[in-house]
Every structure is written in structure tokens, then in C-alpha cells.
Amino acid sequence: MPTISIKKKDLESLIGSSFSPQDIEQHLQLVKGEFKGYDLKSDELKIELSDSNRPDLWCCEGIARQIRGKLRGEWGDYPFFGSNNSNKKSGQIIISADMKGIRPYVGGFTATGVNVDDEMLIQMIQTQEKISEIFGSKRKRISIGIYNLSRISFPVHYKAAPPEEISFTPLGLEEKMTLREIIKDHPKGQVYGEILKGMERYPILVDSRGAVLSFPPIINSREVGEVQAGDSALFVEVTGLDIRLVLLVLNILAVNLHDRGAGIGAVEAVYPYDTGFGRAVSIPCAFTKSLNLSLRDVERVMGERLSMDAVSGLLEDYGYRVKKEGESLEVTPPPYRDDMMHPIDVCEDIAISRGYNSFKPIMPSQMTVGGLSDIELFADLIRGYMTGSGFQEIISNILTSKEEILYKMGLGEEKTVEVDNIMSISYSALRHWILPSLMRVEAASTESFYPHKTFETGEVAVSDEAGNLSSRTLMKCAALVSHPAANFSEAHAILEALMYYLQIEYRLMPGDHRSFIDGRMGWVYVGDEGVGLIGEMHPRVLTGWDIHMPCSAFEIELDKLLKIYKASTS
Amino acid sequence: MAKGETREIIDSLHPLEIRLLFAFEAGKVIDDSLLISRASVEQAQKDMAIGWLLAKGIVEVTGETVERIVALTEIGERYRDQKTPELRIYETIRQTIRDNRDVNMSGIREREDLDPTEISSAIGALKDKGIVRIAQGGRIEIADESPVSEFEDIQTLITAVANRGEVNLSELSQGEQVIIEGLHRKRGKTKGVFRINEKVSRTYTLTDLGTQIHAEVLQRGKPADEISQLTPEMLKDASWEGKSFRRYNITLPPPRMTPGRKHPYKEFLDSVKDKLVAMGFEEMRGGLVENEFWNMDALYMPQFHPARDIHDVYYVKGPESAREIEEPFLANVSKAHYSGGDTGSRGWQYCFDVGKAKRLMLRSQGTAVSARTLANNPKIPGKYFSIARCFRYEQVDATHAQDFFQIEGIVLGEEINFRTLLGLLELFAREVAKAKEIEFLPAYFPFTEPSVELHVKHPKLGWMELGGAGIFRPEVTIPLGVHVPVIAWGLGLDRMAMVALDIHDIRDLFSANLDMIRTKRTHWL
């Protein structure tokens with residue numbers, strides 16, 4: 001989740017007191033923020049915010065608000081969150097019916113008496129970017145436009161336009177371009193054009209005089225949509241696919257500007273279709289609902305007795321409005337938060353407000369019996385035999401490549417579990433056997449003191465067309481010996497000893513396998529079931545791995561052997 | 001020196017040193033060759049053992065002479081077998097003349113298996129000595145046979161040197177020395193019959209300490225009477241009785257061997273496994289390949305929301321989708337996402353995409369294993385853990401491996417609440433990290449509420465995050481059929497393992513370098 005940089009001085013002035021970086025680190029617990037560093041020279045604080053459901057905290061204003069409320073009980077007065085439609089409107093956005101199938105929701109507000117300076121501009125852009133990129137899924141679900149209010153004449157129209165019909169000068173360029181040209185040639189169009197792919201008409205915001213504000217979610221117009229230091233009146237607009245997110249983000253941006261002294265004016269969005277919040281939505285809008293929870297519920301989650309006063313006090317300290325009714329609480333989150341899906345979410349805020357370390361830990365005391373799975377026990381048994389036989393255990397990565405698990409082993413194409421979104425060809429397939437992992441060790445260890453005796457027990461994934469997940473995860477064990485006289489008989493002797501102690505009767509069936517020397521390879525069978533293979537590594541395979549020492553090896557399937565083992569000992 | 005002290009020295013003597021000491025006589029000087037013959041040791045053995053005796057101050061060097069040792073070169077060895085070219089050619093000429101035939105240079109060249117320069121220089125030598133002369137038409141005649149004896153002497157000397165292998169130049173007669181000086185290979189030249197090597201020969205005598213030790217060694221008896229290696233035969237025929245065993249210098253370094261051994265990182269994981277089992281945790285296992293449903297949807301991570309983007313995942317290539325998703329879990333979970341279902345939640349309020357839920361991927365978090373356990377009639381109360389291999393779509397570097405272990409688990413029971421959650425984490429901090437100082441921080445995980453990060457003070461790393469945990473949201477547990485609170489916990493122990501193994505690159509936890517694996521020492525207790 002986002003890492004933001006803010007000025008310590010800015011944070012302090014928004015909170016109203018000064019802090020040491022250590023104090024700040026401590027207070028960041030209130031916002032699930034991780035202190036990433038402070039640069040004394042630039043006064044820059046780096047903070048990572050972990051809660052993906054609280055974009056209101058991804059900015060200096062939001063962090064300051066939460067800390068200020070807790071420390072000083074000052075929660076700000078946001079008078080513009082009046083009831084819908086009753087406020088005086090600063091303007092209107094008229095939505096055309098065809099937007100429903102394109103990018104259905106838009107809202108906005110005005111901010112006046114703002115003192116836009118360079119630092120504020122940087123912070124505004126940072127907030128805009130973090131919210132639209134991360135919370136807005138790279139502008140798909142949310143995009144934000146900020147304009148110089150003085151250049152706009154209301155009402156603003158949100159409508160769909162054919163790609164060739166309208167042209168305007170986008171931010172960052174000098175010349176007029178059509179919407180299609182912007183998608184094709186403008187850097188932002190190239191990045192975000194994907195969102196509008198397949199659409200015959202594109203969203204556009206124009207004012208009453210026909211001046212283009214922007215082409216959401218791609219780019220603002222240069223004439224209207226460029227905010228500069230010195231501006232004092234702004235129009236803020238958000239478009240998106242989900243009305244709740246649009247309203248939430250507008251509320252966050254409104255309180256942020258208000259915290260910096262702006263006067264917020266409501267803008268009414270007038271829809272020809274229903275939004276879930278009526279057809280005329282006055283924004284900012286306190287749209288979130290209150291939740292009811294009982295003191296018992298809170299106590300059960302927290303694990304201790306609490307008083308109504310304590311709980312409501314903690315919640316108020318954290319920004320909630322609370323109504324007490326006997327043993328139950330009606331809590332209303334602030335309008336810039338929409339992360340309360342369940343009363344449990346309120347419980348966490350109670351704990352954060354009080355401080356996690358104020359709760360005394362209690363050891364869970366209910367008796368349970370611990371234990372390992374049978375396959376893990378079986379693998380451990382085999383690990384014991386193998387280390388006892390002088391073998392060094394190896395542990396390897398499972399995500400590797402067909403080059404290693406097939407081609408370098410002398411094998412042709414086979415169905416294995418492969419990655420679709422490959423980042424590197426070296427990590428593009430799951431191993432289906434372990435021997436290649438041991439060969440990898442051999443290839444990397446030609447300088448290491450001989451003899452080499454290595455083994456690995458571990459997971460592999462084998463293709464299983466009929467299975468629900470088209471593959472199965474199995475546990476296998478491979479062992480390899482490498483020294484000037486390494487041969488079949490040595491590997492066989494180890495296998496023989498292992499099977500003796502496992503009390504499993506096995507036999508070898510001569511076979512063909514291109515990893516091994518012809519006539520020195522066998523399939524390991526128990527009854528009619530193939531459970532593994534054994535052989536002397538083929539010199540062509542060794543050379544392919546750049547191994548200059550004879551090797552012999554075997555590999556067995558532990559899931560099958562476990563079944564046989566359990567049947568034979570029960 | 002007291003007897004005890006000399007005894008210590010004698011006990012440490014190598015059998016070769018003792019053999020040499022037996023060759024010494026008190027108060028007398030001995031040279032290298034005598035030492036070799038008396039002690040019947042090889043030259044190299046003598047060199048080694050005399051070096052030790054000198055270093056210990058038992059013998060000292062009394063003199064040093066440089067000897068010139070004569071041996072045959074390859075050419076000399078050939079002349080030994082086939083005679084010198086001069087003799088061969090002389091005999092050929094004589095034989096041909098006896099057979100009443102003429103002989104000339106080309107005739108000799110045809111008959112003798114010698115190279116032309118050898119032939120011409122040999123004939124030149126015979127001519128110079130006046131033995132042959134070249135008559136008209138190139139015919140070779142014998143002029144005077146008497147100087148041939150000179151060449152016969154050379155041949156005799158070659159045979160004599162060959163028979164003795166090496167000869168000290170000074171042991172030869174004046175005449176022989178002249179011959180050798182004339183025929184030895186000069187520095188930088190390839191030809192030559194004899195080779196003269198200079199050899200430093202020393203003479204030694206016993207020091208005072210040596211004399212004392214020598215006397216005691218003689219008294220103890222010949223090393224031949226000591227047993228070096230006890231054999232089954234000796235045990236059988238009791239021939240070891242009455243004999244002493246050669247004392248070993250047990251302080252010498254032993255030969256290298258490589259024992260069979262657990263992998264150091266696996267050993268660490270084993271110790272974690274053991275601790276978890278001891279705390280009453282039962283192991284759960286899952287597959288390397290999962291679908292998005294169990295990896296994410298069942299954990300209430302919304303399909304189209306930043307909470308889903310906490311990490312990127314690897315998707316699986318053809319077939320891309322699971323055939324089906326188990327009911328009633330699919331229905332319950334999709335309802336929880338859409339409207340909360342019967343969980344008391346308002347849900348994420350979007351239409352659940354079953355196609356996306358079926359998408360196959362490489363397991364990205366161990367919590368997927370926990371989700372399947374919840375859906376599979378877990379014990380209540382119950383504690384479970386898994387050490388699960390997970391995969392993340394990230395650039396592989398010193399802090400990100402292509403696959404890694406996640407140590408995760410769940411605790412189910414009526415007693416589970418925020419304080420027992422903290423209690424469990426405190427137990428982990430104490431048992432797994434040996435931490436005395438701990439701190440709980442608010443955290444965010446999409447599937448738990450409340451969520452906690454456990455920070456501990458590590459002796460080497462300082463304050464570090466040891467793990468994350470929380471109580472599963474009702475939107476996770478209720479759709480999977482679990483109606484008691486459930487702790488979900490995860491421990492991040494790789495950093496601890498890396499410190500203990502003194503490695504700085506996470507990829508080295510799965511190193512392919514056998515030397516590194518063999519030499520890493522661990523200290524987990």
C-alpha cells in the first residue's frame with residue numbers, strides 16, 4: 001500500500017503541535033502507518049500506510065486529522081456535510097443518459113479561499129495520484145480532476161462524445177488533439193487508454209460555454225484543468241464506476257481542503273438514471289450509515305469488561321459520533337470513511353484508540369493435541385535414514401524452468417505446471433521431480449570436496465488433467481552420489497537399505513529413460529505400481545549440466561510409498 | 001633434560017624419525033646416503049624425517065658438500081642399447097670391407113637407423129681420430145684401428161653408469177671423468193650422453209638433546225617391534241601380546257570427511273515445527289497450485305479492489321481454471337462478498353465473478369491452507385499450522401526469492417478474543433524468538449479484524465517484525481461453516497534464519513552451493 005512523503009512542518013501545523021520523529025513514529029500507530037524515515041535537511045517524512053480500506057489516511061491532512069483528534073479531541077467542523085439537497089449549491093453537473101454504460105458516476109465540489117502554494121500543490125497531486133492509482137485501480141474505478149474554478153462556467157456537462165468529434169489541448173501539450181489522438185499519442189492516453197477499450201464514445205466534461213474541462217479518466221484540458229500556485233478557487237471532480245467510491249473520495253478531498261482553510265461549496269450531480277442515492281446528489285454528502293453494536297459484542301471481541309463510557313469515549317476520540325442507548329451503541333463513522341462493513345471493524349478502532357499495548361495478553365488455555373501429518377512424519381523418517389547413510393540434505397526452489405526439469409535432463413516436451421504471466425524464463429515452471437534440483441547442486445559444486453552424496457525430500461507438482469486443479473502436489477525424495485567411481489550399484493545399495501527399513505518389497509524393471517545410461521536404468525516397482533526410478537546419469541546429461549563427475553541417482557514417490565508402508569504395518 | 005620431558009618428545013616421534021635415529025651412532029657423523037641405506041628408507045622419507053629431527057633440535061648439520069652425480073640421458077640410454085654411433089659405424093665399415101664391398105656415406109645412411117647429423121658427426125669423429133679416411137669417390141677406408149679403444153672405453157663407461165643408475169663423479173677415475181666432462185649435456189643443449197646433477201649432501205650428528213633421546217630410543221627397542229595397525233590376524237593369533245603399540249601424535253589434524261547432515265535451513269524449520277507441535281498445533285497441508293477462490297476469495301479479499309492487490313501472483317498456464325469450486329462454499333463466499341450474506345456484514349457490494357474465482361494460480365499465501373482447513377470440519381477447539389511454499393510475482397533479488405516458506409496457522413475456539421490473540425503472539429515471541437521485549441502494533445490484513453503486528457527485540461537485529469495476526473473476519477469464517485472466533489497468525493522467520501546462518505541474500509536459503517551448505521553451522525537452541 002502507498003508510501004507517501006510529507007513535510008514534518010506541514011504535519012505539525014495541521015496537528016497544531018510539534019513532535020520529534022520518535023513521537024511521530026509512535027503516533028503513526030493510530031493510522032497503521034509505518035515510519036520509513038525522516039530527512040532533516042528536506043524536512044521530509046516517509047510513511048507507508050497499510051490499510052487499503054482507508055484512503056483518507058493516505059495524505060498529510062488525513063494523518064494529521066486522526067492524530068489531532070486523538071491528542072486534542074479536535075475533530076474539525078465540516079458544515080458542508082449537511083443533509084442532501086438542502087444546501088445552497090455552487091453549481092451543477094448534468095449527466096447524460098449514455099454515460100450509464102460508459103463511466104456512470106461523477107461528482108464534484110468547489111473550494112474557495114484556498115491558498116494554493118507549491119507545497120500544497122505537491123501534496124494535492126500526491127493524494128490525487130495515490131488514490132486514483134491504488135484505491136482507484138489505476139484510474140479504472142476512480143479518477144480525479146482538479147481545476148481552476150474561475151475558468152469554469154456551470155453547469156458542467158458529463159457526456160459521451162465520439163472519439164473524433166471533440167478536440168482540445170491536453171495538459172502537457174501545446175496543440176489540440178481529438179479524443180482518439182489523445183488515446184493513441186498522449187503519454188497518459190497510452191497508459192490509461194486501456195480503461196476505455198472497446199467503447200465507441202468517450203466520457204467528456206464540458207462547461208456551459210462548451211469549454212472542455214477534461215477527458216476522464218485520461219487527461220485534463222490545459223486551458224481549464226491546470227492548477228497553479230497562486231490559484232485561490234478550485235473545482236474538484238471525481239468520476240468512476242461505483243457511486244460509493246466516488247462519494248467517498250470527494251468527501252476525503254473536501255475535508256482535506258477544508259483542513260487547509262478552504263470554504264467548500266456543494267455541487268449537485270443530476271442524473272437521468274438512479275444512483276442508489278437518488279437522481280440528484282448534492283456533494284459533499286454524508287452517505288455512510290451508522291452501525292449498532294452492543295457492549296457485550298465489544299467485550300466478547302476484546303476479552304475484557306468495559307464500560308459504556310469507556311467505549312464511547314474511545315470511539316469519539318477516534319472520530320466517531322456515538323449515541324448510547326442502555327447497553328448498546330449507535331456509532332456513525334465520519335463521512336470520509338466507508339470501511340465499516342461489520343461491527344467488528346468498529347471494535348478494532350476501539351482497540352487502536354486505547355492502544356494495543358494497554359491490553360493484557362492472556363494465554364489461550366484450551367487443550368489441543370499437536371502433531372505432524374503422516375506424509376511429513378514419513379518424509380522425516382526417510383530424512384533420518386538418508387542423513388544416517390552419509391547424505392547431505394538439500395533444499396531447493398520449486399519454481400524453476402522447463403530447461404532444467406526437462407531439456408537439460410535429456411527429456412523432450414512433457415506436460416508440467418507452467419506459469420502464464422512469466423516474469424523470468426528461469427522461474428516459469430514448477431518442478432515435477434527432484435533430481436534436477438540435485439543436478440543443479442552438482443553443477444554449482446564441482447569445486448566441492450568429493451564424494452558428493454546429496455538428497456532432497458520435497459514437494460513437486462505433477463500435471464493431472466482429470467483433477468479439479470489440473471495438477472497434484474506430491475512429496476518425492478531423490479538421492480544422488482557423485483565421485484570418480486559412482487555407479488548404479490552404489491545408488492542401488494542405498495535404495496535397498498532404505499526399502500529394507502521401510503519394510504517395502506520392491507523390484508527393479510529395466511527401462512528406458514533419457515536421463516540415464518541405456519541398460520543402467522530401472523523403474524522401481526512395488527507390486528504393479530511404479531514408485532520411482534534409478535540409474536546412472538547419462539554422460540550427455542552430465543555434460544549438458546557442465547558436471548564432470550560420474551553420478552548415479554534414484555528418485556521415489558513418498559505419497560505412494562506411505563500408502564504401502566501404512567498398509568504393510570497396520 | 002629430565003626423563004619425563006624427553007619421553008614426551010620421544011612419544012611424539014614419527015616412526016620414520018625413529019628409523020633414522022637408529023641409523024645414528026652417538027658422537028659420530030653420518031651422511032645422507034649412509035642414512036638412507038642404514039635406515040632403509042626412501043630419499044623422500046629421509047628428507048621429510050630429517051627435517052623434523054632438525055626442527056626439534058635432535059640432530060644438527062655438521063657439513064655440506066655438493067656432489068656431482070652422473071646419469072645417462074635418453075640419448076645415453078639409447079647408446080647403451082645400440083652402442084655409440086661411432087662404434088656402430090666403425091663396425092659397419094669394417095664388416096663391409098671384410099665382405100669385400102665398398103662403403104660410402106650414402107651406404108651407411110641406408111644401413112644405419114641414425115639421423116644424418118649423427119652419422120656425419122660420427123664419421124667426422126672417426127676421421128679426426130685417424131681411424132678412417134675418405135678415399136676417392138667417397139669410398140671409406142680404415143686407416144688405423146688402434147684409436148678405436150677410446151670409443152670402446154666410452155661404451156664401457158656408458159654401460160657402467162647405466163648399471164649403477166647414478167654415479168658420483170668423484171668416484172670415477174680421472175680418465176673417466178674427462179670422458180664424462182666431454183660428453184655430458186651442456187646447459188641449454190639437447191644432446192649429450194651423460195647428465196650431471198649437482199646434489200647437496202649433508203652430514204649430521206646428534207645434538208646433546210639428540211644423544212639423550214637416541215640413548216632412550218635405543219633402549220626402547222626397534223620400532224619393528226611396535227605394532228602400527230592392529231589387525232584381525234593379530235587378534236586371532238594373539239601376536240600383539242608383549243608388544244607395544246606405536247604411539248600416535250594425536251594432535252595432528254585428521255583427514256577430511258563429510259558427514260550426512262540435515263540442511264541447516266531445514267534444521268531451523270524442523271525446530272520451529274517441533275515447537276509448534278509442542279504447543280499443541282496440528283500440521284495442515286495444501287497444494288502448490290490453488291485457485292483464486294481458496295487463495296483469496298474465501299479470505300474475503302474482494303476481486304476488484306486494492307485489498308486484493310496486496311501482492312501480485314503467478315497465474316498458471318493451460319488449463320487456466322479449476323473445473324469446479326466446492327459448494328456450499330462458493331455460494332456462501334460469493335454472497336458474503338456481494339451483500340455480507342448471513343455474516344452480519346454489508347459485504348463488498350459487487351457482483352462476484354465465478355470465472356475469476358476458478359482461475360488457477362501458484363499459492364501466494366499460507367492462509368490459503370488455513371481457508372481449506374476451516375472448510376474441512378476443523379476441530380474446535382483446535383490449533384493448526386502449516387509451513388507452506390508460496391510464490392509471489394516479484395522481481396527476484398537479495399530480499400525476494402521466487403518461492404519461499406510461510407509459517408502460518410489458525411487457532412479456533414470459544415475463548416478466542418483480542419487478549420488471547422495477544423497471548424498467543426506473546427507465546428510465539430518467547431518460544432520462537434526468545435524475545436523478552438515485545439510490542440503489538442495495529443496492522444491491516446484483508447481477512448482479519450482486529451489485526452496485529454508482533455514486533456520483538458532481537459539480540460542482533462534490534463526491533464523487528466516477527467509476525468502478523470488477527471481474528472478472522474466473520475465474512476471469512478461463517479461462509480466456511482465455522483461459528484467460533486478464529487485467530488489467523490503468520491510468522492516471518494526467514495530474517496532470523498538468515499542471521500543465524502550468517503547469510504545476507506534470501507536466495508542463499510535455497511543455495512545450490514554444496515560447500516556452503518556443508519560448512520554452515522547452526523545454533524538454534
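Helix α9 of chain A (residues 308-317) has as its buried residues M308(A), V311(A), S312(A), L314(A) and L315(A), where buried means under 20% relative accessible area, exposed over 50% and partly exposed in between (1.4 Å probe, protein chains only). Seen down the axis of α9(A), these buried residues fall within an arc of 160 degrees, so they line one face of the helix; the arc is that of the directions from the helix axis to the C-beta atoms. This is a predicted model, in which local features need pLDDT of at least 70, side-chain atom pairs count only at pLDDT 80 or more, and totals for chains, interfaces and linings use all residues. Residues are numbered from 1 along each chain as its sequence is written, chains are lettered from A and ligands numbered from 1 in the order in which they are written, and side-chain values use heavy atoms, with hydrogens and water left out.

**Surroundings of α9(A)**

- The buried residues of α9(A) pack against α3 (60-72), α8, β17 (321-325), β18 (328-332) and α10 of chain A; helices (H or I, at least four residues) and strands (E, at least two) are DSSP runs, numbered from the N terminus.
- G319(A), with a positive phi near 110 degrees, follows α9(A).

**Interface of chains A and B**

- Chain A contributes 93 residues to the contact and chain B contributes 106 residues, contact meaning heavy atoms within 4.5 Å.
- About 8,600 Å² is buried between chain A and chain B, 54% of it on carbon and sulfur atoms; buried area is the accessible area (1.4 Å probe) that two parts lose on being put together, summed over both.
- Of the area that chain A buries against chain B, M341(A), I395(A) and M423(A) supply 9%, more than any other three residues.
- Between the two chains, 57 residue pairs are in polar contact (both at pLDDT 80 or more); a polar contact is a pair of N or O atoms within 3.5 Å, and within protein one must be able to donate a hydrogen and the other to accept it, while residues adjacent in sequence count only if both atoms are side-chain atoms.
- Elements of chain A that each supply at least two residues of the side touching chain B include α4 (118-135), α11 (374-388) and β23 (471-482).
- β22(A) gives the most to that side of chain A, with 7 residues.

**Salt bridges**

- The count over all chains is 75 salt bridges, each a side-chain nitrogen of Lys or Arg within 4 Å of a carboxyl oxygen of Asp or Glu.
- Across the interface of chain A and chain B there are 11 salt bridges.
- One pairs K266(B) with E393(A) (4.0 Å, N to O).
- Within chain A, D339(A) forms a salt bridge with R337(A), the closest N and O atoms being 3.0 Å apart, and both residues are buried.

**D345(A) and R473(B)**

- D345(A) is placed in helix α10 of chain A and counts as buried at 4% relative accessibility.
- Leaving aside neighbours within four places in sequence, D345(A) is in contact with Y320(A), D339(A), M340(A), E449(B) and R473(B).
- The side chains of D345(A) and R473(B) meet in a salt bridge (2.7 Å, N to O).
- R473(B) lies in the loop between β16 (462-472) and α19 (474-477) of chain B and D345(A) in α10 of chain A, so the pair joins two chains.
- R473(B) also forms a salt bridge with E475(B), the closest N and O atoms being 3.1 Å apart, and both of these residues are buried.
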